[in-house]
Amino acid sequence: MNIRPLLPLLALALLPSAASAQPAPAPPPANQVIDVASGAWEGIVNIDVSVLFPDYREPWNAGQPSGGSGTGFLIGKNRFLTNAHVVSNATRILIRTTNDPEPHPAKIIHIAHDCDLAIIEAEDGKHFEKLKQLDFGGIPQLNTEVIAIGYPIGGDRISVTRGVVSRIDFRPYSHTSVDSHLAIQVDAAINPGNSGGPVLQEGKVVGVAFQGFSGRVAQNVGYMIPVPVIKRFLKDVEDGRYDHYVDLAASDFPIENPAQAKALGINGDGVGVMVADVEPAGSVGELLKIGDVILSIDDNPVMNNGLVRFEGELMDMNEIVERKFAGDTIKLKYMRDGKKLEATVTLKRFDPYVRLGAQYNQRPRYIVHAGLVFQPLDRNLMDAHQMRDSTVNYVFDNFLTDKLYVERPEPVVLTNVLPDEVNTWLSPYAHSIVDEINGVKIKSLKDVKIALEKKDTAFIEIRLLEKNRPLVLKRELAQTAHPRIMQTYNILEDSYLGDE
């Protein structure tokens with residue numbers, strides 16, 4: 001379970017395919033012919049997006065407007081596939097074809113931030129009825145040529161670049177900063193604006209360009225989302241909604257030391273990976289323990305470095321889980337104290353993991369009371385406020401590793417103190433985790449609302465995590481000051497809990 005990308009990544013894009021997941025039987029020709037002017041690629045569209053970035057510093061405000069562009073392509077009747085990061089936080093989406101400069105309004109039908117994919121449709125689909133949809137291929141072989149098509153920066157017309165497949169790996173996806181999936185590395189030039197565009201081999205889509213290395217870290221390194229990830233997304237939304245990825249929510253440790261293998265009771269055949277940690281709220285939280293040895297998943301032997309041979313390729317063992325959906329089961333064979341055991345596990349999403357990733361398409365939640373601003377802790381908040389408080393950073397960085405989510409599923413931060421005579425001298429306590437309010441343990445933002453609505457005491461006493469001095473307001477004065485502060489700072493709503 002990767003928490004953050006190992007190297008700085010820039011979301012860009014290439015489109016994956018949804019057909020066979022088997023490697024191509026033979027390498028394609030060295031120089032694939034493509035005639036963009038033929039009209040065969042009119043199904044590849046330019047996407048212009050107006051966006052509104054949420055304001056996590058002043059969450060009652062509408063946010064900061066901006067814009068961007070990307071690429072998409074036709075995969076069915078009035079259905080265009082693109083990257084989630086192309087249309088995230090969109091307030092307006094316009095699409096244009098290669099030979100038609102007229103913009104056509106579009107809307108999001110399905111979006112999956114965890115795998116950076118989205119489906120959009122034109123509000124009036126008749127303009128695209130005669131366009132040819134692109135067909136999907138399979139997983140390309142290493143050192144075979146691919147062609148990336150899109151609308152990158154540097155011009156208004158469609159662009160074509162060529163490269164070779166250089167690596168197939170299980171990698172972090174930069175859109176959320178926490179999710180990792182199968183990704184294919186190519187050396188074709190992929191630039192901002194290419195995002196969501198198809199990567200082709202022999203005329204079929206084999207990937208979606210979506211990110212690359214930025215700065216001086218590496219040269220000619222881009223990534224595309226491959227067939228299995230696209231195929232899973234398209235299958236997931238067949239019932240009209242997206243149910244997200246499932247996860248074992250367990251980390252592993254390679255067993256490469258002979259003495260360690262002997263101590264664990266492994267016979268030295270290179271099979272078996274040790275369980276390093278288990279999340280109690282995860283799919284295997286009630287089954288596996290630290291020190292167990294996973295031997296196989298769905299009868300696929302797990303090598304001592306965590307890889308499995310799956311569909312003809314060596315892949316991370318999590319790739320087997322990746323193909324599953326919420327409610328599906330897998331068969332685990334594992335060893336504990338020298339005994340071989342077997343169990344069937346029902347898979348589910350691990351929600352605490354999501355809090356560590358970037359969030360999109362949602363309004364910031366908050367409560368303002370007598371100038372005190374309370375917000376739930378997540379990555380968006382950390383980035384917006386540039387949190388430096390050691391306790392806040394500890395809670396965020398160790399939310400999973402120290403199982404802090406068990407006691408405090410949604411940590412709440414006192415992010416700001418809007419100056420007023422009623423809260424004089426309280427500003428230094430901004431950027432602190434809220435522990436209790438009038439004896440109510442704060443496990444979520446809703447607990448703050450419940451605690452503040454209690455009027456059985458003359459004072460409001462707020463205790464902060466790792467801070468010795470409580471914050472105390474006289475309730476009567478706080479209630480009198482509240483409307484004045486709301487007017488002074490032009491705050492129309494004193495709370496938004498996300499359930500309106």
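Author: A residue is buried when its relative accessible area is under 20%, exposed when over 50%, and partly exposed in between (1.4 Å probe, protein chains only). This is a predicted model, in which local features need pLDDT of at least 70, side-chain atom pairs count only at pLDDT 80 or more, and totals for chains, interfaces and linings use all residues. Residues are numbered from 1 along each chain as its sequence is written, and side-chain values use heavy atoms, with hydrogens and water left out.

Reader: Are W60 and Y366 buried or exposed?

Author: Both W60 and Y366 are buried.

Reader: How is a pair of aromatic rings described?

Author: By the distance of the centres and the angle of the planes. Rings of Phe, Tyr and Trp (its six-membered ring) pair if their centres lie within 6.5 Å; planes under 30 degrees apart are stacked, over 60 edge-to-face, and the rest tilted. The structure has seven such pairs. W60 lies in the loop between β2 (44-53) and β3 (64-76) and Y366 in strand β22 (residues 366-369), so the pair ties together parts 306 residues apart in sequence. Strands are DSSP runs of E, at least two residues, numbered from the N terminus.

Reader: Which residues do ring pairs link into a cluster?

Author: F350, F399 and Y405.

Reader: Where does the charged end of R363 sit?

Author: A charge sits over a ring if NZ of Lys or CZ of Arg is within 6 Å of the ring centre and within 35 degrees of the ring normal. The charged end of R363 is over the ring of Y496, 4.1 Å from its centre. R232 lies over the face of Y245, at 4.0 Å from the ring centre.

Conventions
Helices (H or I, at least four residues) and strands (E, at least two) are DSSP runs, numbered from the N terminus.
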